[in-house]
Amino acid sequence: QVQLVESGGGLVQAGGSLRLSCSASGISISSYDMGWYRQAPGNQRELVAVITSGGSTNYGDSVKGRFTISRDNAKSTVYLQMNSLEPEDTAVYYCNADRRIWAYWGQGTQVAVSS
């Protein structure tokens, strides 16, 4: 059984920081592109950041320069360091693992940024 579990969400003031974690079980994430997506109420899910199996990264335009994605394959964990948070970052953040035809999603963790 494959499971992705996000943690680290919460309420933070604008300008603050949070570090999200995604712990994977049932797969070896070294072979997967790992990503973070988010969805605010009434909005579509959008890309936040992706780190490929080779270690290259890509970011959504709205978070570039503020967020950093990283991975620790030995710990089966992916991280999202979020700095300079803005109220517009408020959303449920989802972890994703993707390898060709195989893709998995976590249940999400809530991030709320107060102004």
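**Notebook: loops, disulfide, core and hairpin**

I started with Ser84, which lies in the loop between β8 and β9; strands here are DSSP E runs of at least two residues, helices are H or I runs of at least four, and both are numbered from the N terminus. This is a predicted model, in which local features need pLDDT of at least 70, side-chain atom pairs count only at pLDDT 80 or more, and totals for chains, interfaces and linings use all residues. Residues are numbered from 1 along each chain as its sequence is written, and side-chain values use heavy atoms, with hydrogens and water left out.

**Positive phi**

I looked up phi for Ser84 and found a positive value of about 50°, although Ser84 is not a glycine. Ser84 counts as partly exposed because its relative accessibility is 40%; buried means under 20% relative accessible area, exposed over 50%, and partly exposed in between, with a 1.4 Å probe and protein chains only. I then noted Ser76, in the loop between β7 and β8. Its phi is also positive, near 50°, in a residue other than glycine.

**Disulfide**

I searched the whole structure for disulfides (pairs of cysteine sulfur atoms within 2.5 Å) and got 1. Cys22 is joined to Cys95, with an S to S distance of 2.0 Å. The two cysteines are 73 residues apart and link distant parts of the chain, Cys22 being in strand β3 (residues 18-25) and Cys95 in strand β9 (residues 91-99). The torsion about their S-S bond is about -80°, so I logged the disulfide as left-handed. Both Cys22 and Cys95 are buried.

**Nonpolar core**

I took a nonpolar core as a set of buried Ala, Val, Leu, Ile, Met, Phe, Trp, Tyr and Cys residues joined through side-chain atoms within 4.5 Å. The largest one has 28 residues, and Trp36, Leu80, Met82 and Tyr93 have the most contacts inside it. Two or more residues come from each of β3, β4 (33-39), β5 (46-51), β7 (67-72), β8 (77-82), β9 and β11 (109-114).

I listed contacts (heavy atoms within 4.5 Å) for Tyr93, leaving aside neighbours within four places in sequence. Among the partners of Tyr93 are Glu6, Leu20, Trp36, Arg38, Val48, Phe67, Leu80, Met82 and Val111.

**Hairpin**

I checked pairing, which requires at least two DSSP bridges between two strands. β9 and strand β10 (residues 102-105) pair in the antiparallel sense over 4 bridges. Ala97 stands opposite Tyr104 in β10. The two strands, β9 and β10, form a hairpin with 2 residues between them, and Arg100 in the turn has a positive phi of about 55°.
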